[in-house]
Amino acid sequence: RENGQKNALPSQQHGWERTCEIRKYMEILGEDSVEAVKGFAKVAIENAIRCCNTSDKELLRTIHRRMKLAKGPGFWDGFYGWFSSVEKRGAPFHSFADSVLSDATAEGISSKREFIVDQVLEVAKSVGEKVPNMTSGEEIKSHYFDFFVALADTYATLSEQELFLNNFLNYVGGETAAKGFNYQRDRIAIIERVRHVLESRVPSDMLKGDFDINLSKSTEGNVRKRIAEMIIGPRASL
């Protein structure tokens with residue numbers, strides 16, 4: 001039983017049943033991608049809500065408080081500044097024990113369960129309409145990134161995506177990074193560059209030898225340049 005819940009299945013049984021459900025929807029992915037993706041989403045959101053309701057939140061709050069996360073500005077402050085008049089609001093990780101992990105939050109999520117599930121399934125339906133039917137595990141692997149592209153297309157229009165990337169490029173690469181950038185024209189090439197990076201193999205010796213030395217030679221400027229180049233390709237001006 002989980003956190004004193006009566007009639008609850010053993011925690012390991014939930015994992016097994018979730019896996020069986022996912023396998024069932026994988027079998028129909030080759031015939032009906034919409035229903036398959038909706039099935040994946042339903043399993044995921046219901047499991048998330050179950051975890052929210054049955055987890056030992058007092059333990060999680062204790063662990064979080066003992067982490068003593070700083071209240072100061074972080075990497076995301078400037079990032080979020082694009083979308084708010086508050087220039088340095090950041091993400092309040094330090095207060096999650098009193099907000100995200102609170103009993104009130106769990107109760108609120110539980111009370112809105114049907115609404116949350118319906119909203120997630122609406123998004124999943126749109127994603128399923130944008131991905132191809134897949135008949136094998138290998139096809140699922142090769143199209144895995146396409147799920148995220150479809151999700152982005154569901155949440156944001158092409159013009160909104162272009163605005164976001166323009167701001168992001170200016171943030172990581174400087175004011176001239178987005179010069180000549182045309183997302184709608186270069187969209188396919190951008191997606192393939194990002195796909196290539198995400199699907200690249202991690203070097204087998206990454207944590208051996210002179211890794212620490214190479215890390216010490218890295219600079220924030222170089223990292224920002226590489227992130228920008230991942231999106232728009234190498235440019236001399238960067």
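Biologist: Helix 2 passes helix 6 in which kind of crossing, right-handed or left-handed?

Modeller: Helix 2 passes helix 6 in a right-handed crossing. This is a predicted model, and the values below are computed from it.

Biologist: Why are helix 2 and helix 6 called roughly antiparallel to each other?

Modeller: Their axes cross at roughly 150°. An angle over 145 degrees counts as roughly antiparallel, so helix 2 and helix 6 belong in that class. The two axes come within 8 Å.

Biologist: Which residues of helix 2 and helix 6 meet?

Modeller: From helix 2 (residues 33–54), the residues are S33, V34, V37, K38, A41, K42, I45, E46 and I49. From helix 6 they are R113, I116, V117, V120, L121, A124, K125, V127, G128 and E129. By class, this contact has eleven nonpolar, two polar and six charged residues.

Biologist: What makes the length of helix 6 close to what is expected?

Modeller: Helix 6 covers residues 113–130, which is 18 residues. From its first C-alpha to its last it reaches 26 Å, and the span expected at 1.5 Å a residue is also 26 Å.

Biologist: Which residues of helix 6 are buried, and what do they pack against?

Modeller: V117, L121, A124, S126, V127 and G128 are the buried ones. They pack against helix 2 and helix 8, the latter being residues 144–155.

Biologist: What are the buried residues of helix 8, and which helices do they pack against?

Modeller: F145, D146, F147, V149 and A150 are buried in helix 8. They pack against helix 2, helix 6, helix 7 (137–142) and helix 10 (183–199).

Biologist: What makes V172 count as buried?

Modeller: V172 lies in helix 9 and has 5% relative accessibility. Buried means under 20%, so V172 counts as buried. Leaving aside its neighbours within four places in sequence, V172 is in contact with R224, K225, I227 and A228. V172 and V223 are 51 residues apart in sequence, yet 8.5 Å apart in space, C-alpha to C-alpha.

Biologist: R195 and R193 are in helix 10. Why does R195 count as buried?

Modeller: R195 has 12% relative accessibility. That is under 20%, so R195 counts as buried. Not counting residues up to four places away in sequence, R195 touches S142, F145 and D146. F145 and D146 are among the buried residues of helix 8.

Biologist: And what makes R193 partly exposed?

Modeller: R193 has 27% relative accessibility. Buried would need under 20% and exposed over 50%, so R193 falls in between and counts as partly exposed. Apart from neighbours within four places in sequence, R193 is in contact with E229, M230, I231, I232 and G233. The C-alpha atoms of R193 and E229 are separated by 9.1 Å, and the two residues are 36 residues apart along the chain.

Biologist: How many helices and strands does the protein chain have, and what share of its residues is buried?

Modeller: There are twelve helices and zero strands. Of the 238 residues, 27% count as buried. Among contacts between residues at least 6 apart in sequence, 66% join residues at least 24 apart.

Technical notes
Residues are numbered from 1 along each chain as its sequence is written. This is a predicted model: local features need pLDDT of at least 70, side-chain atom pairs count only at pLDDT 80 or more; totals for chains, interfaces and linings use all residues. Side-chain values use heavy atoms; hydrogens and water are left out. Helices (H or I, at least four residues) and strands (E, at least two) are DSSP runs, numbered from the N terminus. The expected span of a helix is 1.5 Å times one less than its number of residues. Buried means under 20% relative accessible area, exposed over 50%, partly exposed in between (1.4 Å probe, protein chains only). Contact means heavy atoms within 4.5 Å. Axes are lines fitted to C-alpha atoms, for helices over the stretch in contact, and angles run from 0 to 180 degrees between N-to-C directions. Angles under 35 degrees count as roughly parallel, over 145 as roughly antiparallel, 65 to 115 as roughly perpendicular and the rest as oblique. A crossing is left-handed if the near helix is turned anticlockwise from the far one by less than a right angle, and right-handed if clockwise. Ala, Val, Leu, Ile, Met, Phe, Trp, Tyr, Cys and Pro count as nonpolar, Asp, Glu, Lys and Arg as charged, and the others, Gly among them, as polar.
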